[in-house]
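Please keep the view open as you read.

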Amino acid sequence: MLFIAGGCRSGGGWNLFARKPAAPAGSGAPSQLPTTGAQQPANQPPPNASGVVQASYEKPRYVPTSNLTPADLIRNENFEESTGQKKTLLETTTEKVAPGELTRKFKKLIGRGPNEPLAKAQFEKGESLFRERKFKEAVKCFKVAADRWPDSVLEEEAMYWLAESYFFDDRYKEASDAYGALVKKYENTSYLINIVPRQFAIARYWDLDARIDSHWYPNLTNKTRPLLDATGHAVSVYNSVRLHDPTGPLADDATMAIANSHFLRNRFEDAAYHYELVRKEFPHSEYIKEAHLLGIRAKLRCYQGAQYEASPLDEADKLIETTLTQFPPEQLGADRERLLATKQLIRIERAQREFQAGEYYYKIRYYGAARYYYAETIREYADTPFSKMAEDRMNETKDYPPVPYDYFAWLKKVLPESEKN
């Protein structure tokens, strides 16, 4: 029996459920803290979700713009004149009425426009509160820092530490939204190496917790879960991991987890699609064998009977052939015998489809067409129980007319030729 897991990578290297950073002895401060440029060298990589230092890379830091001279500002303002690039009336009008432009003008009108010194001060205050593990207060500071100096490195850092504050405060829904907003606005953010494990850990927690208690009613007490549909939110976050880091170490885990979630909720078409994604996009994944075996089961569950289309049967049969060819017998083990038995069952289902087609014509007394399908059943599926049933029908209908008696033949003779047509 196959065990359906959520797709969590085993072994060392990923400790995805690390929630609170361990504090160094005697310091009382978490080990993973927001830092300013003066506190952390530019080439010092941040720790990942498990506290393991990642490979060295350059991380952009916030650089104040107060050192710009008036000449620099004038040069930026007169960019159009210096380059000769004029904006059309439509472009100018569109910029003035764009939602983002209207929001910026409204904030400026009420005194909440861009303010670099205030944003920097709030960011530093948020850092201090984060070190003191006052995450609720840190959230307010990072929100102000991101809001008061938009479209800057400072905003990117504030958005990241806002999400981290939510995460360590166990407010996983808000943390998930904040991580998603960051990767949406800054697709190439240097924090992606930290965000992806956090998102996967949140989705994994929701997924497993929902299997224990589905919470079909609104969640009003547990701040770690969404208001409704924890499984659906988990699938959405898994999908974010897969899309924003498609070549990362957790991309195949997330895709497999989505497939398993759909399978457990009886959404077999969606499950089969994502198992196919694992097979196509991650051919060297540790889940490749399970993606084949569970993909076969999902395809067979999509089949609804002899009265419906046969494509799920055909696809399952083809996938069985691929699995038997790709994996050696010693790797498949007992699953090989089950696959061969399933292949025989698919053959019986096809025989039933052929026989049922003959039965349809038998019921409406088109015995000629019925005998055609009975003969096909005997010829193609002689090793199935339906072959004997088809032989009995052939013997029963051998003297029957090929088409039913036409009770209105006399009317055709009476009516003129024009009225017949």
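Helix α7 is mostly covered, with 15 of its 16 residues buried (under 20% relative accessible area with a 1.4 Å probe and protein chains only; exposed is over 50%, and partly exposed lies in between). Helices here are DSSP runs of H or I with at least four residues, numbered from the N terminus. Spanning residues 153-168, α7 reaches 23 Å from its first C-alpha to its last, close to the expected 22 Å, which is 1.5 Å times one less than the number of residues. Just after α7, Asp-170 has a positive phi of about 65°.

This is a predicted model, in which local features need pLDDT of at least 70, side-chain atom pairs count only at pLDDT 80 or more, and totals for chains, interfaces and linings use all residues. Numbering starts from 1 along each chain as its sequence is written, and side-chain values use heavy atoms, leaving out hydrogens and water.

Now for the charges: the whole structure holds 25 salt bridges (a side-chain nitrogen of Lys or Arg within 4 Å of a carboxyl oxygen of Asp or Glu). In one of them, Arg-211 pairs with Asp-207, their closest N and O atoms 3.3 Å apart. The two are separated by about one helical turn because they sit four residues apart in helix α9. Asp-207 is buried at 2%, while Arg-211 is partly exposed at 35%.

Finally, look at Phe-408, in the loop between α18 and α19. Phe-408 is exposed, with a relative accessible area of 54%.
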